[in-house]
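Hi everyone, thanks for making the time.

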Amino acid sequence: MNQQAEVIPVITVDGPSGSGKGTICKLLAEQLGWHYLDSGAIYRALGIAAIERNVDIHDEDRVAGLIAQIDLEFKRNEDNCWGVFLDGVEVQQQLQAEDVGRVASIIAVYPKVRHGLLLKQQSFQQKPGLVADGRDMGSVVFTQAQHKVYLTASAEERGKRRYKQLMEKGIDAILANVIDEIEQRDSRDKNRMASPLVVPKGALLIDSSSKSIAEVVQVVLQSL
């Protein structure tokens with residue numbers, strides 16, 4: 001990052017799946033009037049681009065070459081909700097598609113892709129500030145961020161939240177299985193070779209197990 005970018009404030013919010021990072025980050029960005037970055041969506045968006053352009057997802061160089069060609073934005077859509085826009089077109093719904101997730105998991109292991117998307121993520125650090133949601137925002141992508149947060153919650157609580165989401169979408173699920181999947185995901189994230197999930201040095205640790213969304217947002221704002 002250049003010297004100008006380094007003075008632009010960044011809040012990184014890292015943590016395990018289901019801890020509420022996305023909701024908290026969107027509210028922080030809204031209240032502060034800052035830009036928002038959903039790092040997890042970037043790999044899926046690149047996956048969509050690869051599918052649409054018939055790029056061989058097993059060709060690391062070609063996939064990495066796509067990064068400079070795509071335009072990615074996080075902004076509010078016509079319904080005033082945060083959306084992901086790829087080359088000017090909202091792809092929020094497509095991000096959840098099974099084939100997109102499969103492609104994203106394949107290309108995410110490529111070193112050239114990870115490096116290219118690292119630079120892509122850092123390019124979102126623009127005035128007046130950035131709120132970055134992910135699993136390695138404070139530890140890898142924005143190591144010099146002025147404000148780092150690590151948001152967590154018990155696996156049981158995160159499982160209940162995920163279970164509720166599935167029920168609201170009409171998707172059958174067994175709570176015990178959902179919690180088990182959360183715990184397995186935690187293990188994979190913490191033990192993966194590339195950018196494992198860790199508490200960034202100097203991060204504010206917040207356990208949201210017994211806190212409301214508004215309470216978590218207030219804790220973060222008071223720490224700034």
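So, how much space lies in the second largest pocket? About 190 Å³. Two quick terms: a pocket, on a 1 Å grid over the protein atoms alone, is an open set of points where a 1.4 Å probe fits, with protein on both sides within 12 Å along at least five of seven lines, and lining residues have an atom within 4 Å of a point. The volume is the space filled by probe spheres set on those points, which are joined across faces, edges and corners.

Some housekeeping: this is a predicted model, where local features need pLDDT of at least 70, side-chain atom pairs count only at pLDDT 80 or more, and totals for chains, interfaces and linings use all residues. Residues are numbered from 1 along each chain as its sequence is written, and side-chain values use heavy atoms, with hydrogens and water left out.

How confident is the predictor? pLDDT is its confidence in each residue, from 0 to 100. The protein averages 90, and 97% of the residues score at least 70. Over residues 1-5, though, pLDDT stays under 50. Where pLDDT is low, the predicted coordinates should not be read in detail.

Back to the pocket. Its lining includes Trp34, His35, Tyr36, Phe74 and Lys120. By class there are five nonpolar, four polar and two charged residues (Ala, Val, Leu, Ile, Met, Phe, Trp, Tyr, Cys and Pro are nonpolar, Asp, Glu, Lys and Arg charged, and the others, Gly among them, polar). Strands E2 (35-38) and E3 (72-76) each supply at least two lining residues, and E3 gives the largest share, three. Those labels are DSSP runs numbered from the N terminus: helices are H or I with at least four residues, strands are E with at least two.

Now, which sheets do those two strands belong to? E2 sits in an open sheet of five strands, ordered E2-E6-E1-E7-E8, with parallel pairing; strands pair if DSSP finds at least two bridges between them. E2 and E8 (204-207) are the edges, each pairing on one side only. E2 pairs with E6 (residues 130-134) over four bridges, and pocket residue His35 stands opposite Leu130. At the other end, helix H10 (residues 213-223) lies across E7 (147-152) and E8, at about 165° to E8. Such angles run from 0 to 180 degrees between N-to-C directions, with axes fitted to C-alpha atoms, for helices over the stretch in contact.

E3 belongs to a three-strand open sheet, E3-E4-E5, with antiparallel pairing. Its edge strands are E3 and E5 (89-90). Helix H3 (residues 39-52) packs on this sheet, touching E3 and E4, and makes about 35° with E4; contact means heavy atoms within 4.5 Å.

Most residues other than glycine have a negative phi, and most peptide bonds are trans. Lys127 and Pro128 are joined by a cis peptide bond, omega about 5°, and Pro128 is in the loop between helix H6 (111-122) and E6. Asn54 has a positive phi of about 55°, in the loop between H3 and helix H4 (60-66).

Terms used
pLDDT is the predictor's confidence in each residue, from 0 to 100.
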